[in-house]
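I opened this entry to record what I looked up, starting with the ligand shell and then turning to the domains.

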Amino acid sequence: MSEQSTSKPAPVDASLSGAIQQYYDLTKPRVVMLIVFTAFVGMLLAVPGMPDWKTVVLACVGIWLAAASGAAMNQIIDMRADAIMARTQNRPLATGGLQVWQAVVFALLLCGLGMLVLVLWVNVLTAVLTFISMVGYGIIYTVFLKPATPQNIVIGGAAGAAPPLLGWVAMTNAITPEGCLLFLIIFAWTPPHFWALALYRREEYAAAGVPMLPVTHGEEFTRLQILLYTYILVAVTLLPFTIHMFGALYLAAAVYLNARFMYYVYTLYRNYSDALSRKTFFYSIKYLMYLFAAMLVDHYFWDRIVLWTLGQV
Ligand code: HEM
Ligand SMILES: CC(C)=CCC/C(C)=C/CC/C(C)=C/COP(=O)(O)OP(=O)(O)O
């Protein structure tokens, strides 16, 4: 049995701070935080030495606003399905804490502000790519892909994978192979990240009528797909080292993080439990955070370590 919707929605807090909290929740703050972090890393990797911090801050703000707008659009469209699932039933539109028109105005405002910041103070290419990602998630994934195909998150994952490339483009105004490689890492990471959650939440998705892979193709097939995508992820995360984008610091971190991820998904494949599936999902988030942090550390310190070591011999 996967985890069931047994709890009741929490009562709505009608105070001002309650209203602010509802708007804040509408932006899926923690997901968007990691999205902005990967964009931030993309920005710093794109230039040698210290970046122009003003552009970095403005690009982070613009991408944050656009991603938050996408998250709000997603909840406007999904409010009925969200009200059915225990995991999402306390979202502001599902509880009635916010009205649809309030969420629509808020989403449009975030979108407009985000585009303004990117066009005025970053560059038009970043604004266009960010807009495509926002619409890709908020509309194309949510309206067309999510209710239609179990490949929804594979195709829709392109929107969530865009941020490091957006960060790269913000600093260079160019789409380069290195920026695309960062995109590819998150693209390959998304299926194990999401399907691990979908496995232990499969009955909720079935009840809400969402055709996620464990619902349409069963648990065993999903476990195999998670394993196969993690193999791809391992290969893709090693590529930046082979093209000398990063040095041994990154390699060590990637090998360690990949070994742990493989251990989780292989065990999940051989011996399924909801508890392990949940652990795998939470590990996937830490994995991405640490992998991108390792890129930063390598970018700033690996050359210095090599030079210092050479100086010692
Ligand atoms: C199409 C792609 C993706 C899908 C379908 C997906 C799906 C999900 C789902 C269903 C959750 C649970 C959310 C909740 O319980 O409220 C979640 C959580 C999370 N996701 Fe993803 N995700 C995707 C891409 C991403 C990306 C690109 C990132 C960051 C770079 C990300 C970071 C996170 C984080 C940090 C959480 C934990 C949120 C929390 O603790 O509240 N996800 N994801
Ligand atoms: C501008 C930019 C970079 C784009 C935005 C990208 C973005 C916010 C991606 C988030 C991906 C995500 C949380 C998917 C959740 O899927 P779901 O909606 O199926 O999950 P749910 O069931 O929790 O609502």
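Predicted model: local features only at pLDDT ≥ 70, side-chain atom pairs only at ≥ 80, totals over all residues.

**Ligand shell and domain contact**

Residues are numbered from 1 along each chain as its sequence is written, while chains are lettered from A and ligands numbered from 1 in the order in which they are written.

I counted 17 residues around ligand 1, with Arg30, Leu34, Ile153, Gly160 and Phe194 the closest; a residue is near a molecule if its C-beta atom, placed from the backbone, lies within 6 Å of it. By class, the shell holds 9 nonpolar, 6 polar and 2 charged residues (Ala, Val, Leu, Ile, Met, Phe, Trp, Tyr, Cys and Pro count as nonpolar, Asp, Glu, Lys and Arg as charged, and the others, Gly among them, as polar).

I then checked the two domains, whose C-alpha centres lie 21 Å apart. Their contact involves 30 residues of domain 1 and 27 residues of domain 2, where contact requires C-beta atoms, placed from the backbone, within 7 Å. On the side of domain 1 that touches domain 2, I noted 22 nonpolar, 6 polar and 2 charged residues.

Last, I noted that Trp121 and Ala59, 62 residues apart in sequence, are 7.9 Å apart in space, C-alpha to C-alpha.

How values were computed
Domains from an automatic or database assignment. Contact = placed C-beta atoms within 7 Å.
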